[in-house]
Amino acid sequence: MKKFVSSSAILPYLAPAYRNAALAALTLLTACTVPKPAPIAEYDPPIPARPALSRHAYQAQNRPPAPDTSSSPTEDAGIDTQQTYDLPALVDLALHTHPETRISWEEAKAAAARLERNRSNWYPTLTAMAFGQHFTSSFPIPGSALVSNGYAAFASLDLAWTLFDFGRREALVDAGAQRLSAANFAFDRKHQEIAYRVASSFFVYQAALAKVTAAQHTYESAKTNADSVQAKLKQGLATKPDLLLALQEQAKSSYDLQDARGSVTQTRADLTTSLGISPAYSLQLVDLSKLPLPSELAQSVEKIVDQALEQRPDLLARLAELRAREADVKKARAEFWPKVSLRGMVGNQYWGNVHTKPSGGESYSANTMVDTAMLNVEWTLFDGFERSNAVREAEAKRSASQAQLEALRLEIMRDIWKAYADTKTALEKREFALALLKAAEESYAATQESYTHGFSTVIELLSAQKDLARARYTEIDSRATLLRSAATLVYVSGEQNPEVLDEH
């Protein structure tokens, strides 16, 4: 059973969440396994345990440095430019530095504070009051007026305690506990979202680097071909148009190389944005070209959907919000009933140096204890239909929340089916891309040898070179597409499924 409490639920999320997110990111990287979920029992409303959050512990361990408005890197950001970052390390870095992590954390803390405010209604209130004054009073009597003046002071303690309110406080606490659960689930989902964005940006960046390498190889081949045609032209075995075609292809490959390098800069900026750091940082990253790729889908789409509907944090957050709306309805209905409260006051009233006229010129002082105890019954009989409309509003919001829950269920099912189909297609396209690359490499090698011996034309050689360049890009795109599709499938399923993909 998954429960969340005000203090013991939020704070432990951070350090374990960073570690779990790193492991989940490794899952996204290899697209293979994810932690198995714990058995899900019937969901119970969480019960807060302690009234305060360990803010200082969070600040000491997890809070990133204060934001820097400058564009240059700072040493306080906790980024080691000498370290080689793999995907889990990048996810861990993003969870420490990205502002959205802090936003979700503060929202969870605010939800915990609201719950404690609601729970405070169960306790009595004790108010201390004191005042002092100088007074002059006049009372008419036959023939003149009786005038008194002097000093007065009063001090008291006032106790108020609601004894019975027909479920108002229970509904408030229940709604606050459900919204705290929703905030915790949103906090968990935000970690998954950041990990997914980092993984996707990382795969795109790695694909851009691979395209630079492929473009470099294509440029070198084009240059070699142009030099070969130049040599044959000097021997009278080639024509000027052949050389011009080869030089044209060399210029085209040089342009493609520069374009690929420009894409690296753009995707690098996207990656640093996903990490929550400035693009001015220069990070050393691992190469994913030799890591294994998923080979097949190990689960049916129906099973993945069922598990996602049980465990996706955003869906559980929406369910908690629905239960909070139900508690709001209970509170609105309870407003039709009376409230019974206890009221008590004890104090001391003092008069000093009181003079009266006409008198014998004497003065006096007095000291009096004052105490009161009351049992109050408060019942609003008519309020212009405000309570009736409040019930209608709460019921409408509950219905809207239920509809939003159903809409999210449909959205989850749609996303999983789409991601499943995309991953399945990417697995098939990957096999064809590898076959295409192998055939293009063999064709180019054979055509180049044939051209060297004079059995092929320069047009055939350049055509084979173009086909090889396209095959290289196709292989890179198929690899990146497969990684992104697998990462998307894990993300939309909630990152808590058993194995959904098998590796080579």
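Partly exposed, as I use it today, means a relative accessible area between the 20% under which a residue is buried and the 50% over which a residue is exposed. Take Glu 393: its relative accessibility is 44%, so Glu 393 counts as partly exposed. Keep in mind that this is a predicted model.

Let me stay with Glu 393 for a moment. Its partner is Lys 397, and the two form a salt bridge in which the closest N and O atoms are 3.2 Å apart. Lys 397 has a relative accessible area of 38%, so Lys 397 is partly exposed as well. Both residues sit in helix α9, which covers residues 386–452, and they are 4 residues apart, about one turn of the helix.

On to the other salt bridges. In general, side chains of opposite charge can pair when their charged atoms come close. The count for this model is 27 salt bridges. One of them joins Lys 190 to Glu 100, with 3.1 Å between the closest N and O atoms. Lys 190 belongs to helix α5 (residues 168–234) and Glu 100 to helix α4 (residues 99–119), so this pair ties together parts that lie 90 residues apart in sequence. Which of these two is buried, and which is partly exposed? Lys 190 is at 19% relative accessibility and therefore counts as buried. Glu 100 is at 26% and therefore counts as partly exposed. The pair also belongs to a network: salt bridges with shared partners join Glu 100, Lys 190, Glu 193 and Arg 197.

Another salt bridge has Arg 169 and Asp 165 as its partners, at 3.1 Å from N to O. Arg 169 and Asp 165 are both buried.

Next, the surface. There is a nonpolar patch with about 1300 Å² of accessible area together, and its members include Trp 161, Leu 163, Phe 336, Trp 337, Trp 379 and Phe 385. Which element gives the largest share of this patch? That is strand β3, residues 144–164, with 3 residues. Trp 337 is one of the patch members, and its place is in the loop between α8 (313–334) and β6 (339–357). With a relative accessibility of 46%, Trp 337 counts as partly exposed.

Is Asp 371 buried or exposed? Its relative accessibility is 59%, so Asp 371 counts as exposed. In sequence, 215 residues separate Asp 371 from Ser 156, while in space the two are 8.8 Å apart, C-alpha to C-alpha.

Last, the empty space inside. Rolling a probe the size of a water molecule over the atoms shows where such space is left. How many cavities of 30 Å³ or more does the count give? The count is 2. The largest cavity has a volume of about 60 Å³. Lining that cavity are Tyr 205, Arg 268, Leu 271, Thr 272, Tyr 281, Leu 283 and Leu 285. Sorted by class, the lining has 5 nonpolar residues, 1 polar and 1 charged. Helix α6, residues 240–275, gives the most to this lining, with 3 residues.

To recap, we have seen 27 salt bridges, a nonpolar patch on the surface, and 2 cavities of 30 Å³ or more.

Methods
Residues are numbered from 1 along each chain as its sequence is written. This is a predicted model: local features need pLDDT of at least 70, side-chain atom pairs count only at pLDDT 80 or more; totals for chains, interfaces and linings use all residues. Side-chain values use heavy atoms; hydrogens and water are left out. On a 1 Å grid over the protein atoms alone, a cavity is a set of points where a 1.4 Å probe fits but cannot get out, and a pocket is an open set with protein on both sides within 12 Å along at least five of seven lines; lining residues have an atom within 4 Å of a point. Grid points are joined across faces, edges and corners, and a volume is the space filled by probe spheres set on the points. Helices (H or I, at least four residues) and strands (E, at least two) are DSSP runs, numbered from the N terminus. Ala, Val, Leu, Ile, Met, Phe, Trp, Tyr, Cys and Pro count as nonpolar, Asp, Glu, Lys and Arg as charged, and the others, Gly among them, as polar. Patches are made of residues with over 30% relative accessible area and no salt bridge: like charges are joined within 9 Å, nonpolar side chains (Val, Leu, Ile, Met, Phe, Trp, Tyr) within 5 Å. Accessible areas come from the Shrake-Rupley method with a 1.4 Å probe; for residues, only the protein chains shown count as cover. A salt bridge is a side-chain nitrogen of Lys or Arg within 4 Å of a carboxyl oxygen of Asp or Glu. Buried means under 20% relative accessible area, exposed over 50%, partly exposed in between (1.4 Å probe, protein chains only).
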